[in-house]
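Here's a friendly look at how the inside of a protein model is packed. Have the structure open and follow along.

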Amino acid sequence: MNRLFYLSIVLCVLLIFPLGVIAMDKKLPISRGVNLGNALEAPIEGQWGVIIKDEYFKLIKDAGFDHVRIPVRWSAHADTKPPYTIEKSFFERVDHVVNEALKNGLYVIINIHHYEEMMEKPERHKDRFLKIWEQISVHYKDYPERLWLELLNEPCHYLDSKLWNQYLKEAIAIIRKTNPARKIVVGPTDWNSVYKLKELELPKDPNLVVTFHYYNPFRFTHQGAEWVSPSPPVGTKWLGTELEKLLISGELDMAVEWSKKNNNIPLFLGEFGAYNKADMDSRVRWTSYVARSAEKRGIAWCYWEFCAGFGIYDPVSEEWRTPLLKALIPEK
Ligand code: BGC
């Protein structure tokens, strides 16, 4: 009896210990970041009012962020015919930005952003999408491991889960030929919705990170957003009532549950933010609640975005919007 008892204890420890080690291993080396949005994913950098300045990276690092996500519209800088060559000068510009971020000790995530044509006609664009990844992965193969690659921002419309599950596998296989262990970030369809995580099918690969975006309640975060039609009316507040909080924590819990069922794959909240047409007090409350709730659940996050319409930094006065910055990175 006694022997059986001890044996079962030993077995439990043996079972639990490796699981604990695996779970610890899976913890991401990043936690708080910011998107450098509206720059390299505009058709031409500057067209949407943002040109990334070298000094931004030191500011970001000194403020307490550990990573930046840099959306990139490669599709506007690659041939439309095979072999879909990416412009050399564009690569040089992305290299420069990535190098500046790395030099300042930040992790960097680059993606394929705003490949709109792919969302409308996925089958026609699949080959180009894969060839673009082949070029990017060869180009960055010798970069430090602090550079991460994210397959595609917000797959949506006709790029449904069935097609996306196929394409992502092929894209990962292409990247793995030259980057055997680099972190690859991948998210579900419907604009990286938590509700679509359950349809995401991933290949076995210990270096995948799963991303989702969070903008709920949408009528609050996107009030007055010119690019949304119809645009939610301005004036909705986020007061932080129990019910409002429950909605957010419930949706974040869904992501955590999904991760638990999928081998504890690490989660990355790659975008969240509230547009500047909402009142500042509500934005601060919402931003702080989402950031703290993600942290409580061990989810790394990256705020949308640095210095445009959701911005935490005013590029004209060259000052932080302190209430928003503090909502993200509270003073100790
Ligand atoms: C889009 C941006 C947009 C943001 C919030 C991003 O994924 O690329 O253009 O401002 O989501 O809607």
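What follows covers the model itself, its cores, one histidine and some aromatic rings.

## About the model

This is a predicted model, where local features need pLDDT of at least 70, side-chain atom pairs count only at pLDDT 80 or more, and totals for chains, interfaces and linings use all residues. Residues are numbered from 1 along each chain as its sequence is written, and side-chain values use heavy atoms, with hydrogens and water left out.

## The cores

A nonpolar core here is a set of buried Ala, Val, Leu, Ile, Met, Phe, Trp, Tyr and Cys residues joined through side-chain atoms within 4.5 Å. Buried means under 20% relative accessible area (1.4 Å probe, protein chains only). The largest core has 97 residues, and Trp 74, Ile 110, Phe 129 and Leu 151 touch the most other members. Helix α6 (residues 161–178) gives the largest share, eight residues; helices are DSSP runs of H or I, at least four residues, numbered from the N terminus.

Apart from this core sits another one of 10 residues, including Ile 30 and Phe 268.

## A tucked-in histidine

Look for His 77 in the loop between β2 (67–70) and α3 (88–103); strands are DSSP runs of E, at least two residues. His 77 counts as buried because its relative accessibility is 10%. Beyond neighbours within four places in sequence, its contacts (heavy atoms within 4.5 Å) are Pro 43, Thr 85, Ile 86, Glu 87 and Phe 90.

## Aromatic rings

Rings of Phe, Tyr and Trp (its six-membered ring) pair if their centres lie within 6.5 Å, and planes over 60 degrees apart count as edge-to-face. That gives 22 aromatic pairs. Tyr 140 and Tyr 143 have ring centres 4.9 Å apart and planes at 85°, so they are edge-to-face. Both Tyr 140 and Tyr 143 are buried.

How values were computed:
Buried < 20%, exposed > 50% of the residue type's maximum accessible area, 1.4 Å probe, protein only. Phe/Tyr/Trp six-rings, centres within 6.5 Å; stacked < 30°, edge-to-face > 60°.
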